[in-house]
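Let's take a walk through a protein model together.

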Protein chains: 2
Amino acid sequence: MAQTLFQKLYSHPLMTPQDLDEIASLHQRMVLSKNDMLLQEGKTANAYYLVEKGLIRFFVHDLDGNEITTQFICENEIANEVSSLFQRLPSVQNIQSVTDAVVWKIEFNDFQHLYHSMESIREWGREWMSRQLFQTQQRSIEMITHSASMRYLQLIEHRPQIVQQAPLKQIASYLGIADTSLSRIRKEMITN
Amino acid sequence: MAQTLFQKLYSHPLMTPQDLDEIASLHQRMVLSKNDMLLQEGKTANAYYLVEKGLIRFFVHDLDGNEITTQFICENEIANEVSSLFQRLPSVQNIQSVTDAVVWKIEFNDFQHLYHSMESIREWGREWMSRQLFQTQQRSIEMITHSASMRYLQLIEHRPQIVQQAPLKQIASYLGIADTSLSRIRKEMITN
DNA sequence: AGCATTTCTTGACATAGGTTAAGTATCCTT
DNA sequence: AAGGATACTTAACCTATGTCAAGAAATGCT
């Protein structure tokens with residue numbers, strides 16, 4: 001049931017059941033097919049999404065036009081292109097469903113109203129962004145300190161949904177390696 | 001004069017001169033010597049710092065105990081270990097002056113009061129965090145898509161203060177390469 | 001000023017991961 | 001079910017960067 005999704009994702013010490021109801025009432029359920037686009041580069045984000053079911057990814061294009069997957073959003077996580085949504089700027093990122101999916105959408109204007117009228121969601125929002133920043137920094141650090149195969153092993157361990165549902169090419173670009181290299185790493189993991 | 005520092009760093013459409021005065025009055029000037037620690041890993045951050053003069057860095061320790069510089073904070077930028085300060089958690093990062101420096105400190109409690117009483121700083125804060133997130137993501141992407149020498153060239157071009165003031169070893173770990181490799185890259189840049 | 005420490009450079013060698021290209025398997029579409 | 005596109009694997013070869021070790025240069029300390 002979706003109620004538990006909101007409870008899980010909007011959890012914060014200051015959050016009351018009434019706050020949660022008000023927040024939830026502003027979300028709208030959406031059913032996505034595989035490869036549906038939720039945001040395209042060049043456009044300004046107008047909403048963010050709670051992922052109930054399925055897998056979502058963020059990607060950018062590099063100088064040669066190749067897609068680089070920059071984030072995977074799993075079930076019970078939030079897909080939000082913060083710098084476009086909150087700075088009202090055109091996005092460099094794309095957001096796309098990797099699988100069929102069910103998400104709950106909230107519009108910028110509705111969130112904005114909550115943010116300035118409800119202390120709990122303000123604190124929640126700042127904490128959520130802090131966690132995002134932390135995770136993004138951790139990922140940078142791991143790109144520096146861990147080998148490609150270590151990074152793949154960590155992914156298997158900590159975010160198995162990705163390994164199970166995303167195509168190899170997307171996982172490879174997310175790990176910062178060529179797809180042939182990931183294929184080789186998989187092979188070596190089996191034989192050794 | 002420090003007034004321009006606050007104007008520059010706290011700029012936002014909603015920010016009034018009175019807001020700015022109130023904010024500025026809560027900052028305290030600090031003079032730092034080279035290598036002073038502003039935050040140590042394991043402790044919880046209780047303030048953030050506007051950098052007026054000098055260079056600051058963030059670093060973590062990897063599994064072998066080596067220091068990895070994760071961020072440089074130049075003049076007219078803000079040194080804030082967000083995930084410790086706003087989640088009230090022990091920091092994994094250290095903050096240290098690279099050179100002698102002058103910074104303006106604001107305590108968490110004072111900021112917290114502003115954040116819940118002043119719309120402009122709320123909006124400013126969210127935008128600042130959005131920009132941080134964007135920059136951190138861009139850095140991740142560049143670690144994937146650019147070679148080490150490209151990353152070094154970009155650093156020279158976009159953040160010359162770092163190249164001029166930080167020791168090679170810190171720059172190398174920031175770029176994700178061995179210090180001997182950076183030395184070689186420098187040499188090749190001169191001869192070619 | 002002189003010694004110790006740290007920082008930086010250089011070179012020989014090793015290796016993870018990139019590139020290219022070909023083959024196989026899987027998935028869609030009609 | 002057939003045909004074409006896409007996804008994945010494999011292999012040969014290449015290159016950027018890592019590792020280690022030694023020396024030179026710069027810096028800091030007493």
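Helices (H or I, at least four residues) and strands (E, at least two) are DSSP runs, numbered from the N terminus. What you see is a predicted model, where local features need pLDDT of at least 70, side-chain atom pairs count only at pLDDT 80 or more, and totals for chains, interfaces and linings use all residues. Residues are numbered from 1 along each chain as its sequence is written, chains are lettered from A and ligands numbered from 1 in the order in which they are written, and side-chain values use heavy atoms, with hydrogens and water left out.

Start with Q170(A), which you'll find in helix α8 (residues 168-175) of chain A. Is Q170(A) buried or exposed? Its relative accessible area is 14%, so Q170(A) is buried; the cut-offs are under 20% for buried, over 50% for exposed and in between for partly exposed (1.4 Å probe, protein chains only). Contact means heavy atoms within 4.5 Å. Not counting residues up to four places away in sequence, Q170(A) touches R57(A), T69(A), F72(A) and V98(A).

Now zoom out to the two chains. Superposing chain A on chain B takes a rotation of 180 degrees with 0.0 Å of shift along the axis, and the RMSD is 0.0 Å. That's the relation of a two-fold axis.

How many residues of chain A are in contact with chain B? There are 42, and they meet 42 residues of chain B. The two chains bury about 3600 Å² between them, with 62% of it on carbon and sulfur atoms. Buried area here is the accessible area (1.4 Å probe) that two parts lose on being put together, summed over both. On the chain A side, R126(A), L133(A) and I144(A) lose the most area to chain B, together 19% of what that side buries.

Over in chain B, look at R126(B) in helix α5 (residues 119-145). R126(B) is buried, at a relative accessible area of 5%. Leaving aside neighbours within four places in sequence, its contacts are F86(A), F108(A), F111(A), Q112(A), Y115(A) and M129(A).

Next come the charged pairs. A salt bridge is a side-chain nitrogen of Lys or Arg within 4 Å of a carboxyl oxygen of Asp or Glu.

One salt bridge joins the side chains of E77(A) and R159(A) (2.7 Å, N to O). E77(A) is in the loop between β5 (67-73) and β6 (78-79) of chain A, while R159(A) is in the loop between α6 and α7 (160-165), 82 residues apart. E77(A) is partly exposed at 27% relative accessibility, and R159(A) is partly exposed at 21%.

In chain B, R57(B) and E67(B) also meet in a salt bridge (2.7 Å, N to O). R57(B) sits in strand β4 (residues 56-61) and E67(B) in strand β5, 10 residues apart. R57(B) counts as buried at 3% relative accessibility, whereas E67(B) counts as partly exposed at 40%.

Finish on the surface, where M150(A), L153(A), I156(A) and M189(A) form a nonpolar patch with about 290 Å² of accessible area together. Helix α6 (residues 148-158) of chain A gives the largest share, 3 residues. Patches are made of residues with over 30% relative accessible area and no salt bridge, joining like charges within 9 Å and nonpolar side chains (Val, Leu, Ile, Met, Phe, Trp, Tyr) within 5 Å. Accessible areas come from the Shrake-Rupley method with a 1.4 Å probe, and for residues only the protein chains shown count as cover.

Conventions
Copies are superposed by least squares on the C-alpha atoms of residues with pLDDT of at least 70 in both.
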